[in-house]
Amino acid sequence: MEWLIQILNSVQYGLLLFLVASGLTLIFGIMGVINLAHGSFYMIGAYLAFSLAELTGSLWTALPLGIVLAFALGLVLEILLISRLYRRDHLYQVLLTFGLILVFEEMRSILVGDDVHGVAIPALLDASLPLTENLSYPVYRLFISAVCLVLAALMYFTIQKTRLGMMVRAGASNAEMTQALGINIRWIHALVFAAGVALAVFAGMIAAPVSSVFPGMGNQVLIICFVIVVIGGIGSLKGALIASLLIGFVDTFGKVLLPELAGVAVYLLMAIVLLFRPAGLYGRP
Amino acid sequence: MSSPEALLLTTGLSRSFGGLVAVDSVSLQLEPATIHAVIGPNGAGKSTLVNLLAGEIKPSSGSIRLRGEDITGWKPDRIARRGVARTFQHTNVFPDFTVFENCRLAAQSRNVHLMRWLKPAESYREWNDAARSAMAMADLGGRAGVPAHSLSHGERRALEIAMSLATAPALFLLDEPLAGMGAEESTRIVALLKRLSADHSILLIEHDMDAVFALADRLTVMVNGAVLASGSPGAIRANAEVQAAYLGADVPMTAL
Amino acid sequence: MADPERPRRSTASHRVVTWWLVLGILALAIFPAIAEKFYLQLITKIMILSIFALSLDLLVGYAGLVSLGHAAFFGVAAYALALAAPASDAPNLWLTLPLALAASAVIALVIRALVIRTAGVYFIMVTLAFAQMVYYFFHDTRLAGGSDGIYVNTRPSLEIGSIDLAQDLHFYYLVLAVLAGVFIFLGIILRSPFGRALQGIKANEQRMRALGFPTLRYKLAAFVLAGTLAGLAGYLAAAKEGYVNPELLAWHQSGMVLMMLILGGMGTLFGAVIGAFSYVLLQEWFSNLTKHWQLLMGSFIVLAVLVLPRGLAGLGQSIALRRRSSASSDDVEP
């Protein structure tokens, strides 16, 4: 039964990572931008959850507020900075977004401080599901998994079935043609970027009650998400989902079975995948 | 069917992308010191054929032999070092390097020792000599110190051939060397190819039929990835199927 | 007889570079005579980072491989010194330095072998991830003090005459000599057939392959060489500070050295050195202004990318160009 708990934890962690990694891979796949600051959005989300929950008294009011703020932040960043990177070398994308990380981290330090915080689980979900006589599983973690699954399904539906999704896919394969069809590619880019930011911020917010809120959390998630994108194949949502779950399992079980090497395990997985599939599981070589 | 003196021989060479067959069971034979032109309407698979022969893409099936040696599936650099030099449909030179440096670098490729780290690149005489004679052959001797990006279009195409020549190849694969050229520039390149064919084989892909019929010793016509006909220029000119294919594809074959 | 193939400009600019190099070495050589102890140590640190930046310049500026994991090689060599150093005696430089360089070279070889077919943005992510793997290896295992790091109690000894590297002044001159050596070594390599091939690969890899160059092998050699030189810088850094911890190979370090290259302008050896000097001096200045210096540094980086596409060196060039063009237009005026 303890295994069941680890499995549930793996799935929950993997799905949470998918929310962050999907934005990263979409932004790269559609705009060709490598965004190092993407992990910062996750960090911002966690700190937003902490501050807004204190301010409003409940995570339930904090969540929608945070998403709106995140979307606005994404739009502003895209219009002011990111859109200037589309035609430039990856090197400059790396640097500008690296600079953004420093700005975000220091802003966080000025506004909220460098302390580690915790966020209370909302009362409604603060319960445990009994599995056996002495083992139980927190309902809030199940809630995270469920929400992430719903969002993943929504994402799939939007991209595969809606007009907006069609425009996004067309924009990814041929920006000039889309432009010629009269679709305003500028707005699609801004929208995709803002959606990616909102997803990462949302992930940080709902994760806050189960993982503490701490300064370096953004970078930790960013690098794991790079590993996910590399394993899944750049630009592939399906690959990102499968890789996220793989990472969730390897990391969770690594910590249980080989605690000394847990930090290294996910990178070993990446090395193995690269040996056999240099372009990732679903990447175009 | 294969004669012992064949320089390059392909047997049943095919390549498909997804469901589309770009090159369909092509069997070709190139003799030494001849110009073999491959013609056909756009989309006939000519460029894919060059990419297959140069190792840029791998065949789905079939084989390629160079002087009797099976080179199917080899990497482009290995094929190049065996004496196959190719040019690209779109001009592909090093724009920031001088004409001389473009050719010198090409000559350097004949001897790819990784550990040559100490002597300056210009101090290797054989590469300088190879570069100079290639430039002279391509009428670029007077432009040696000019950066490639300030050459005219025609000069850049000539430079590309000079770079190939500096690698001392046995076989050139030339993908539309006359594309986008004026009449005067074309004449220069045609003369250059004529000079080269004295001691090299050339596989020539070209749309300019005047040039093709002025140069080619043999012609192969491709349509929809497959070989329609192959033979001497005279035989091809008289071939009814070729006439039909060209008329059907709406490409006037003025030289016929 | 003048060689028509060799443009006169390149030999002339070669002479200018040599003069600047001599001038720069002289300035750094007489610097200790006028400087306080604090500045001596600061310039030592900057020179070490210059070596680090030069090593990355070979990769990014000349071979066109953008790595975001270069700190791994820097850190591995630093750890190699720390682990190889005896508890109380001074480690012998002639034994520990080759060991440290070999460690960096081997790690570079292994990482490059794993990512041999990746390029572009993939390469950026994968180098970052593998560097992070090395980071976690030192961070999580007790091999070398975990996240606390370990001390190098005594500076390495050179075993030549009365040179005593424990004295900051002697160490300063060692670092200066190594920096000059690396600079000249890279200058020679870049003019060699190997260096020319790398520059060709950066400009157009497909064309190089079609000419017959086994480009992957060239890139592997460049990667290992750059990793080894980064290791040289890491070794010196560990010797200078007497202390190593996982932060030496954290990815901030890799980002910082890339930023140095951009500041100075990649693809010129002077650019790497100028970049290291400007970055560290800027950091000193910002951190004197405020505790939150990273905010200033981050904003500066963002602005630099937006308005200085070719680095400080590029800025210098365009100012010089503007001066020249305005000067020549003055000539036209009666």
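Buried area is the accessible area that two parts lose on being put together, summed over both. By this definition, chain A and chain C bury about 4,000 Å² between them. Carbon and sulfur atoms carry 80% of that area. The model is predicted.

The interface of chain A and chain C was examined residue by residue. Contact involves 46 residues of chain A and 43 residues of chain C. No salt bridges are counted between chain A and chain C. Polar contacts join five residue pairs across this interface, with both residues at pLDDT 80 or more. Three helices of chain A each supply at least two residues of the side that touches chain C: α4 (90–111), α9 (217–232) and α11 (262–276). The largest share comes from α4(A), with 16 residues. By class, the side of chain A that touches chain C has 34 nonpolar residues. Eight polar and four charged residues make up the rest of that side.

The contact between them takes 19 residues from domain 1 of chain B and 15 residues from domain 2 of chain B.

Domain 1 and domain 2 of chain B bury about 1,400 Å² between them. Of this area, 61% lies on carbon and sulfur atoms. The salt-bridge count between the two domains is zero. Five residue pairs are in polar contact between domain 1 and domain 2 of chain B, both residues of each pair being at pLDDT 80 or more.

On the side of domain 1 of chain B that touches domain 2, the elements giving two or more residues are α2 (76–81), β7 (171–175) and α6 (183–196). Among them, α6(B) gives the most, with seven residues. By class, this side of domain 1 of chain B has 10 nonpolar, three polar and six charged residues.

Taken together, the two contacts can be set side by side. Between chain A and chain C, about 4,000 Å² is buried, 80% of it on carbon and sulfur atoms. Between domain 1 and domain 2 of chain B, the values are about 1,400 Å² and 61%.

Notes: Residues numbered from 1 in each chain as written. Chains lettered and ligands numbered in written order. Predicted model: local features only at pLDDT ≥ 70, side-chain atom pairs only at ≥ 80, totals over all residues. Heavy atoms only, no water. Contact = heavy atoms within 4.5 Å. Buried area = accessible area lost by both parts, 1.4 Å probe. Salt bridge = Lys/Arg side-chain N within 4 Å of Asp/Glu carboxyl O. Polar contact = N/O pair within 3.5 Å; in protein donor to acceptor, adjacent residues only side chain to side chain. Helix = DSSP H or I, 4+ residues; strand = E, 2+ residues; numbered from the N terminus. Nonpolar A, V, L, I, M, F, W, Y, C, P; charged D, E, K, R; others polar.
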